[in-house]
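Work through the exercises below with the structure open. Try each task before reading its solution.

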Amino acid sequence: MTTASGAANITGATKVGKDSHYERIVLEPSTSQVGEVEHAKDLLDLALCSIPEEEEYDDKEEFLNETKEAIERGKKNLPKKFPFTVHMSEDESVLDKQVFKDYTGDVYWNECGRDFIVDPDQPKENFKPENMANLVYRSLKPFRILEGGMKPLTVKSLCEGVADLGFETGGCNFLENVDVQLREIDGKEVMTIVFFCGFPDE
């Protein structure tokens with residue numbers, strides 16, 4: 001697996017200078033790629049975001065126990081350096097499942113705090129819902145976690161690739177959702193996985 005060379009102690013958006021900006025280009029997947037993207041999103045959501053819903057439990061203690069067990073499964077099965085708290089599926093074999101069925105190109109990863117950084121120095125009108133298209137933001141370039149043509153990406157190897165980056169979450173490490181997008185990076189169409197996270201007490 002190929003990761004960012006020399007990557008260590010990579011920080012979130014708050015500690016990265018504005019000169020690190022890159023143009024985020026999200027592409028519309030082809031008809032054949034739509035199924036690929038949806039499969040990957042569903043698999044990663046099942047594997048890493050199986051967050052129990054409190055309303056589904058009659059007993060709050062049972063809900064809390066299920067939540068704790070889901071978190072403990074993640075700690076037990078994922079690399080120690082993996083910086084995010086996940087709610088892992090009861091089916092631990094999901095870690096060995098292939099994220100993409102047919103796609104064999106490069107795979108990139110980013111975290112939401114790096115992917116969408118709102119510029120605070122802009123007109124307040126831009127923050128109104130009807131003016132969101134005018135919102136000024138910047139992005140930091142995703143990291144390549146798998147080189148195309150190598151072994152297929154599995155859920156486990158994805159987490160290993162992220163762990164190898166040495167990413168520092170700044171406390172925003174509660175994985176809530178995973179998105180998969182087709183993007184243009186360095187002139188190539190590549191699959192990009194984005195982690196959406198929150199703080200544990202939110």
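Predicted model: local features only at pLDDT ≥ 70, side-chain atom pairs only at ≥ 80, totals over all residues.

**Exercise 1. Find the contacts of Lys-188, then describe its setting.**

Solution. 
- Step 1: Set aside neighbours within four places in sequence; Lys-188 is then in contact with Asp-106 and Arg-183. Contact means heavy atoms within 4.5 Å.
- Step 2: Lys-188 belongs to strand E8. Strands are DSSP runs of E with at least two residues, helices are runs of H or I with at least four, and both are numbered from the N terminus.
- Step 3: Check its cover. Lys-188 has a relative accessible area of 41% and is therefore partly exposed. The classes are buried (under 20%), exposed (over 50%) and partly exposed in between, with a 1.4 Å probe and protein chains only.
- Step 4: Compare sequence and space. Gly-105 is 83 residues from Lys-188 in sequence, yet the C-alpha to C-alpha distance is 9.4 Å.

Residues are numbered from 1 along each chain as its sequence is written, and side-chain values use heavy atoms, leaving out hydrogens and water.

**Exercise 2. State the confidence of the chain and locate a stretch where pLDDT stays under 50.**

Solution. 
- Step 1: Take the mean. The chain has a mean pLDDT of 86, and 89% of its residues reach 70 or more. pLDDT is the predictor's confidence in each residue, from 0 to 100.
- Step 2: Find the stretch. Over residues 1-19, pLDDT stays under 50. The model has 47 contacts beyond four places in sequence for these residues.

**Exercise 3. Give the strand order of the open sheet and name its edges.**

Solution. 
- Step 1: List the elements. The chain holds four helices and eight strands. From the N terminus on, they run β-β-α-α-β-α-β-β-β-α-β-β.
- Step 2: Order the sheet. Five strands form it, as E2-E7-E8-E3-E6, with mixed pairing. Two strands pair if DSSP finds at least two bridges between them.
- Step 3: Name the edges. Strands E2 (26-27) and E6 (143-146) each pair on one side only.
- Step 4: Look at one pair. E3 (residues 107-111) and E8 (residues 188-198) run parallel, joined by five bridges. Asn-110 has Val-194 of E8 as its bridge partner.

**Exercise 4. Is Asp-179 buried or exposed, and what does it touch?**

Solution. 
- Step 1: Asp-179 lies in strand E7.
- Step 2: Read the area. Asp-179 is buried because its relative accessible area is 16%.
- Step 3: List contacts beyond four places in sequence. They are Lys-41, Thr-192, Ile-193, Val-194 and Phe-196.
- Step 4: Check polar partners. The side chains of Asp-179 and Gln-181 make a polar contact at 3.0 Å. That term means a pair of N or O atoms within 3.5 Å; within protein, one must be able to donate a hydrogen and the other to accept it, and residues adjacent in sequence count only if both atoms are side-chain atoms.

**Exercise 5. How many residues of helix H4 are buried, and what do they pack against?**

Solution. 
- Step 1: Count. Seven of the 10 residues of H4 (residues 155-164) are buried. Among them are Val-155, Leu-158 and Cys-159.
- Step 2: Find the partners. The buried residues of H4 pack against H1, E3, E6 and E8.
- Step 3: Look just past the helix. Gly-166 takes a positive phi of about 70°.
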